[in-house]
Amino acid sequence: MNIFNLAIANLLHRPTTQRFPNREAPTGVFRGHVTMDPDLCVTCGICAQVCVSAAIQVVPLEADCTWTYDPAACTFCGSCVEHCPVDALTQAADRGSACALPGDQALTITVTYPACSECGRPAMPYSEALLQLALPGAADELRHRARLCGDCRQKSSVAAMKKAFGGPDSTERQIHGR
Ligand code: SF4
Ligand code: SF4
C-alpha cells in the first residue's frame, strides 16, 4: 500500500482509542484504583516495597498500622496486588475519577493490631493462610505462638526449650554439647 492509500485509509478508519470519559471501560481486564482489606492485611509492607512509583506507604505504629495509597502516583501496574501474600489488595474494575493534584484522592486505611492472647498488648496480625504458606502442616503450638506479642513469644519459646531440654542448666549443656 502506498503512502497516499494509507493516509486515505486512516482518514476513513474510526479511532481505535477509547475517548475518555464517554466510553465504557473494558470488563474483566481493567486495572483501576487499588484498595485494601484491613481484615486480611498482615502489615508486612511488601506492597510498598514492590511499588516503584511509591504510591503506597505502610507505616507501623504502636497499636496499629496505616496503609496509604495515592492513585495520582499509581501507574496501575498491578504489582502490589500480585505480590500481596494474603490477597488483601484488589484493583477496581473501572477507571475511577481523575484528580487535579497528587494526594487529592489519597486513601488511608488503618489496620488495628489484634491483642496478644497472653498479655493483651498489641501483637502483629496473624494469618492462617500465610502460616500454611510458610510452614505447611504447622503444629498448633506454633499457631498459638504466632498470636502472641514479641515479648510473650520469646517467653513461650524459652519455656518450650526448658521443657524440651529439662531446665536452664541442661539446656546450656545441650547447646554446648556437654
Ligand atoms: S498498581 Fe503498581 S503503581 Fe499502583 S500502587 Fe500497585 S504497585 Fe504501585
Ligand atoms: S496489603 Fe498485603 S502486601 Fe501490603 S502490607 Fe498488607 S499484607 Fe502486606
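## Close-up views of a predicted model

**View 1. The end of helix α6.** Helix α6 is followed by G166, a residue with a positive phi near 85°. The structure is a predicted model. The helix itself covers residues 150-165, and its end C-alpha atoms lie 23 Å apart. At 1.5 Å a residue, its 16 residues should span 22 Å, so the two values agree. The expected figure is 1.5 Å times one less than the number of residues. Among the 16 residues of α6, the count of buried ones is zero, and the helix is hardly covered.

**View 2. The whole chain, for orientation.** The secondary structure of the protein consists of seven helices and five strands. Along the sequence these elements follow the pattern α-β-α-β-β-α-β-β-α-α-α-α. Of the 178 residues, 13% count as buried. Burial here requires 20 or more other C-beta atoms within 10 Å of the residue's own.

**View 3. The open sheet β2-β3-β5.** Three strands make up this open sheet, in the order β2-β3-β5, with antiparallel pairing. Strands β2 (56-60) and β5 (107-112) stand at the edges; each has a single partner strand, so one side of each lacks a neighbour in the sheet. On average, neighbouring strands of the sheet are turned by 15° against each other, direction ignored. Strands of a sheet pair through backbone hydrogen bonds, in either a parallel or an antiparallel sense.

**View 4. The β2-β3 hairpin.** With three residues between them, β2 and β3 form a hairpin. The two strands run antiparallel and are joined by five bridges. Within this pairing, P60 stands opposite C65 in β3.

**View 5. The pairing of β3 with β5.** Strand β3 (residues 64-69) pairs with β5 over six bridges, in the antiparallel sense. C65 stands opposite V111 in β5. Y69 stands opposite L107 in β5.

**View 6. The two faces of β3.** One face of β3 is covered and holds C65, W67 and Y69.

**View 7. The largest nonpolar core.** This core has 16 residues, of which C47, I56, C80 and L89 touch the most other members. Strands β1 (34-36) and β3 each supply at least two residues of the core. The most comes from β3, which gives three residues. In soluble globular proteins, nonpolar side chains tend to be buried together.

Note on methods. Residues numbered from 1 in each chain as written. Chains lettered and ligands numbered in written order. Predicted model: local features only at pLDDT ≥ 70, side-chain atom pairs only at ≥ 80, totals over all residues. Helix = DSSP H or I, 4+ residues; strand = E, 2+ residues; numbered from the N terminus. Buried ≥ 20, exposed ≤ 12 C-beta atoms within 10 Å, placed from the backbone. Pairing = 2+ DSSP bridges. Axes fitted to C-alpha atoms, helices over the stretch in contact; angles between N-to-C directions. Core = buried A, V, L, I, M, F, W, Y, C linked by C-beta atoms within 7 Å.
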